[in-house]
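Please take the following walk through a protein model slowly, with the sequence and the coordinates side by side. It begins with a single residue and then turns to the chain as a whole, the sheet and the helices.

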Amino acid sequence: MNIIELKNISKTYGKGEAKVRALQSVSLKIEREEFVAIMGPSGSGKTTLLNIIGLLDKPDKGKYILENREVNNKTSANTLARLRRDKIGFVFQNFNLLARTSALDNVIMPAIYSGIKNRVNIAKKLLKQVGLEHRIDHKPNQMSGGEKQRVAIARALINNPQILLADEPTGNLDTKTGQEIMNIFSDLNKDKGITILMITHEAEIAKHAQRIIKMRDGRVL
């Protein structure tokens, strides 16, 4: 059963000579509980694709169906925000943590906006799940890259999303730490049934996925 379906999605940035066709008639289906890696050279449209799937950007043309519901340019900003909050977790290459805030408070932050009760205990359990129960009071400048990414993963899970979107999640990590992060992703997919879409340029990292989608020049190959 598909959780995500894109039909002839196109996206262009700029005008005239500065016009860039980031996506050109991209169609794909992602099944529920699937783990998919997206690969391709810089400028191939990977991040634009992930941003549209994550409701951070809108296509110029085409149809996007999320959990049997079409999302389009008429969908209100409030509805998009609610869908992002309730359905999707994000993990970025640069972690995007609040610098002066503890690991625990970084994880809790999204739950404040969604009004989750008992969020402190949930955040502690998530930090334990990613192996950071001993670092909950540490701030990002007191943690390694791998530890910061674990905090980012825990934060992405606080609202219990069905979909996890990861943009180069191991890009700033050494090989050993990158493999540890991928083991966490694999466990989330297999044990929790979370659908994962991950951008990576590393073939060894992509091997953790069940399927690899390759892109070039705004198209799926």
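Asparagine 68 counts as exposed, at 62% relative accessibility, where exposed means over 50% relative accessible area, buried under 20% and partly exposed in between, with a 1.4 Å probe and protein chains only. Its place is in the loop between strand S4 (61–66) and strand S5 (69–71), and its phi is near 65°, a positive value in a residue other than glycine. Most residues other than glycine have a negative phi.

The model is predicted, so that local features need pLDDT of at least 70 and side-chain atom pairs count only at pLDDT 80 or more, while totals for chains, interfaces and linings use all residues. Residues are numbered from 1 along each chain as its sequence is written, and side-chain values use heavy atoms, with hydrogens and water left out.

The secondary structure of the protein chain comes to 7 helices and 10 strands; these are DSSP runs numbered from the N terminus, helices being H or I with at least four residues and strands E with at least two. The protein chain is as compact as a globular protein of its length, because its radius of gyration is 17 Å, close to the 17 Å that the globule rule gives for 221 residues; the radius is taken over C-alpha atoms, and the rule is 2.2 Å times the number of residues to the power 0.38. Taken along the principal axes, the box that the C-alpha atoms fill is roughly 50 × 40 × 35 Å. Of the 221 residues, 48% count as buried. Among contacts (heavy atoms within 4.5 Å) between residues at least 6 apart in sequence, 73% join residues at least 24 apart.

Strands of a sheet pair through backbone hydrogen bonds, either parallel or antiparallel. Here 6 strands form an open sheet in the order S6-S7-S8-S3-S9-S10, with mixed pairing, two strands being taken as paired if DSSP finds at least two bridges between them. The edge strands, each of which pairs on one side only, are strand S6 (88–92) and strand S10 (219–220).

Within this order, strand S8 (residues 195–199) is mostly covered, 5 of its 5 residues being buried. Thr195, Leu197 and Ile199 point one way from S8, whereas Ile196 and Met198 point the other way, and all are buried. Strand S7 (residues 163–167) pairs with S8 in the parallel sense over 5 bridges, and leucine 164 has isoleucine 196 as its bridge partner in S8. S3 is likewise joined to S8 by 4 bridges, and these two strands run parallel. Strand S3 (residues 35–39) also runs parallel to strand S9 (residues 211–216), to which 4 bridges join it. Alanine 37 illustrates both pairings: its bridge partner in S8 is methionine 198, and it stands opposite isoleucine 212 in S9.

Proline 41 and methionine 215 are 174 residues apart in sequence, yet their C-alpha atoms are 7.7 Å apart in space. Proline 41 counts as partly exposed, at 35% relative accessibility.

Threonine 48 is found in helix H1 (residues 46–53) and is buried, with a relative accessible area of 12%. Leaving aside its neighbours within four places in sequence, threonine 48 is in contact with Lys11, Tyr13, Ala22 and Leu23.

The loop between S6 and H3 holds phenylalanine 95, whose phi is near 70°, a positive value in a residue other than glycine. Phenylalanine 95 counts as buried, at 9% relative accessibility.

In helix H3 (residues 103–114), the buried residues are Ala103, Leu104, Asn106, Val107, Ile108 and Ala111. An α-helix has 3.6 residues a turn, so residues three or four places apart point the same way. The buried residues of H3 pack against helix H4 (119–129) and helix H5 (145–157). Just after H3, glycine 115 takes a positive phi of about 70°.
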